[in-house]
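Student: I would like to learn how the words used for a protein structure are tied to numbers. Could we go through some of them together, slowly?

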Amino acid sequence: MTTDQNSDPGASATAGLPTSSSVTGEPDLAEADFARDTGATSLGDYVRDWWARVRGGEVGALPAILGLAVLGLIFSFASDRFLSVNNLANLVQQAGITVFIAMGLVFVLLLGEIDLSAGTASGVCAAVMGLTLVNNGDLEKALGRPTFIVVLLFLAAAAVAAGFSRLWYAVGIIVIGGVMMAFKIGTTNQIVAIFLAVACGVAIGSVTGFLVARIGIPSFVVTLALFLGWQGVLLQFIGNGAAIPTSQFNIINAISNGNVPPLWGWVLYIVFVGGYIAFTVTRTLRRQAQRLSAEPLTLVLVRGAVLAVVGAIAVALLNQNRSPNPNFPIEGMPYVLPLMIALMVFWTFVLSRVRFGRYVYAVGGNAEATRRAGVDLSRIRLACFAICSCMAAVGGIAQASRLGSIPSDAGGGNTLLYAVAAAVIGGTSLFGGRGHARDAVIGGFVIAMIPNGLGLLPSLPASANFIITALVLLLAASVDALSRRRAAAAGR
Amino acid sequence: MSESPLLEMTGINKSFGPVHVLHDVDFSVHPGEVTALVGDNGAGKTTLVKCVVGIYPIDSGEIRFDGKPVTVHRPRDAAALGIEVVYQDLALCDNLDIVQNMFLGRELQQRGGLLDESEMERRARSTLASLSVRTVKSVRQVVSSLSGGQRQTVAIAKSVLWNSKVVLLDEPTAALGVAQTEQVLALVRRLADAGLGVVLISHNMNDVLKVSDRIATLYLGRLAAEVMAKDVTQAQVVELITSGRSGDIGLKPAEAAATTI
């Protein structure tokens, strides 16, 4: 009565006894059971699976891309200037800042946390860069000795906080930045100044992460406090109503305002699009050959082709001369575009191909399970906050470049809220565990497109801008919430 | 079935301050058998499990694994020996797929630190196949899309992925429907048939009598009896749970029970 239990409802008659505890041998009979994994998946199966996933709450990037396309169509019908070459370049530059900050926020949102201070932190980081350059590499002169010492002590504390969690990359960046700042090593160089800003971002994030992960203060409160705090720090750095001019620094100015030479634009196009197609196609073929779960080749090729066409149109348009003065041609894609794509590729790699990224998703999905699996949760949390503020610094630099100066309220106002909205519109969940680096790019373009498109319609009042952005965000958030509910319902 | 036990605990005592939770408990797990661990709420089942895997240090007593005395300080030590626990709340990440969950915290890496997805997927699939799990369409399915029984299956498969020798299952069928319970119990049986020592903690007497070979009853922190499942009736087990004794088996003539093993 106790031992005869082979009544597995799902078992086929061929079930045989299990191969004993060793599981390394490839069992032959059971191959047929994971039908969707082995062998080639037909497109129809894939679409059915995809639909099942959507109903289970995994909507992916499609709604956001569709939203972007719909908005683009509406605006191009409403105003013939929308698709003009000039406006497209403008759109890319406008999207840049939001995209960079949102890309960092994705990491924090994946954990189910929030960083409200990313906007003002971006201003502080940019100010460190600007002040250093304006004062010929001497930040001490700019800030005065007491403030300068406080900054250095803050960097040291941040390095200790990161070291406490064995985040050696962060420690390295902060220490190198701090030493260069303290001893004024090469700080007149613009690249070094940019690095200092990024190092400040990593330091700020390490401290935020320490307060959240080690001390255990809710991230909402920590970053709300820091949101106010960094505003004060920025005011102290720059002075009320003042601004640091940055347009005279050619490299920094070029980030948003400079353009890639047209030929190099095509080279970058081939590198990114060709690389993407080569990577996805070889991956699919390899996985199919190894009889692992793979996407249908047709789908991969279609996706690659769409990307190639859209990319080619964008590059071709951006390479046209958009200067009203024929003697001074302005042509080529703004540098922010390849920078955006490169960072997206990098962070996508981090999220999907190494352990750290896997743990970021795991913490957002079920922190307790991740802890039991032996993962140091506070280390992952601290790293995500460091990445968030580091990307905020990049956003701050792009903002400084675009404005040509760093005002004393840089990164304040709606900067952070737009970045959060961008991540959410792109498909990142505020509940944690779901999101991609690409969400920041897609969402950032949606967020930039609304004021851009509405600005071309003089008949609409300024209030429409906010209201329409609000509605788009609400729509995106309800897609997220509804898919969550579907997922919960499908799970039982 | 007189193989020497895989895991043998003798004279285990554990107190939390003034509360003496485990009194001289002897408990053993044999390879190829399902040992049910039953007892009322507060009898000490969970404490015993947590002592096995090192979450709680024991006050006195000896733990032998494969005949050798061992000390387990952390769950990781237990995992290194080959002891795995499947907790009631499963510890799965809903947003990750089956492969990612099974390898969570122990991902295989290629040279250079990249995740070895191909090898992980292959091993996850062959583990599920070796457990004759047939209800999963793809090992790349996200866990949130699985049914309760499938989740339990994934959690159990995760515990046997690492050539573990002893698997402790905490209430694996508590939240499941009839068909899914059958499915999971069949899987529990197959684990034992594959040579593992399985400990099944359960409140459900039907389940216990259906799959287990041996039943260990805890009563107020003492081992009331360890009996072969085929020798007892459901009524006797219930009596052991509620009063610590049933006829001539149970607490008072405890030695009598021990000799039947």
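Tutor: What follows is a set of questions about names and the values behind them.

Tutor: This is a predicted model, in which local features need pLDDT of at least 70 and side-chain atom pairs count only at pLDDT 80 or more, while totals for chains, interfaces and linings use all residues. Residues are numbered from 1 along each chain as its sequence is written, and chains are lettered from A and ligands numbered from 1 in the order in which they are written.

Student: What makes the packing of α4(A) on α8(A) roughly antiparallel?

Tutor: Helix α4 (residues 118-134) and helix α8 (residues 190-215), both of chain A, pack at an angle of about 150 degrees with their axes 8 Å apart. The helices themselves are DSSP runs of H or I with at least four residues, strands are runs of E with at least two, and both are numbered from the N terminus. Axes are lines fitted to C-alpha atoms, for helices over the stretch in contact, and angles run from 0 to 180 degrees between N-to-C directions. Angles under 35 degrees count as roughly parallel, over 145 as roughly antiparallel, 65 to 115 as roughly perpendicular and the rest as oblique. The angle of about 150 degrees therefore makes α4(A) roughly antiparallel to α8(A).

Student: Which residues of α4(A) and α8(A) meet, and how many of them are nonpolar, polar or charged?

Tutor: Among those that meet are A:Ala121, A:Val124 and A:Met129 in α4(A), and A:Ala193, A:Ile194 and A:Gly201 in α8(A). Two residues are in contact if their C-beta atoms, placed from the backbone, lie within 7 Å. The contact of α4(A) with α8(A) has 13 nonpolar residues, three polar and no charged, where Ala, Val, Leu, Ile, Met, Phe, Trp, Tyr, Cys and Pro count as nonpolar, Asp, Glu, Lys and Arg as charged, and the others, Gly among them, as polar.

Student: Why is α3(A) called oblique to α4(A)?

Tutor: The two helices α3(A) and α4(A) pack at an angle of about 125 degrees, with their axes 11 Å apart. That angle makes α3(A) oblique to α4(A). The contact is made by A:Ile101, A:Gly104 and A:Leu105 of α3(A) together with A:Ala118, A:Gly119 and A:Ser122 of α4(A), and by class it has three nonpolar, three polar and no charged residues.

Student: How do you know whether A:Leu110 is buried or exposed?

Tutor: A:Leu110, which is found in helix α3 (residues 85-110) of chain A, has 27 C-beta neighbours inside 10 Å and therefore counts as buried. A residue is buried if 20 or more other C-beta atoms lie within 10 Å of its own, exposed if 12 or fewer, and partly exposed in between, with C-beta atoms placed from the backbone. Leaving aside neighbours within four places in sequence, A:Leu110 is in contact with residues including A:Val360, A:Tyr361 and A:Gly432.

Student: Why is A:Arg291 counted as partly exposed?

Tutor: A:Arg291 has 17 C-beta neighbours inside 10 Å, so this residue counts as partly exposed. Its place is in the loop between α11 (262-289) and α12 (297-318) of chain A, and its phi is near 55 degrees, a positive value in a residue other than glycine.

Student: How do you know that β4(B) and β5(B) are paired, and in which sense do they run?

Tutor: Two strands pair if DSSP finds at least two bridges between them. Two bridges join β4(B) to β5(B), which run antiparallel, and B:Lys68 in β5(B) is the bridge partner of B:Phe65. The two strands form a hairpin with two residues between them, and B:Asp66 in the turn has a positive phi of about 55 degrees. With 15 C-beta neighbours inside 10 Å, B:Asp66 counts as partly exposed. On the other pairing of β4(B), five bridges join strand β1 (residues 7-16) of chain B to β4(B), again antiparallel, and B:Leu7 stands opposite B:Phe65.

Student: What makes β6 and β10 of chain B edge strands?

Tutor: Six strands of chain B form an open sheet in the order β6-β7-β8-β3-β9-β10, with mixed pairing. Strands β6 (83-86) and β10 (222-228) each have a single partner strand, so one side of each is left without a neighbour in the sheet. Within the sheet, β7 (residues 166-170) and β8 (residues 197-201) of chain B pair in the parallel sense over five bridges, and B:Leu168 has B:Val199 in β8(B) as its bridge partner.
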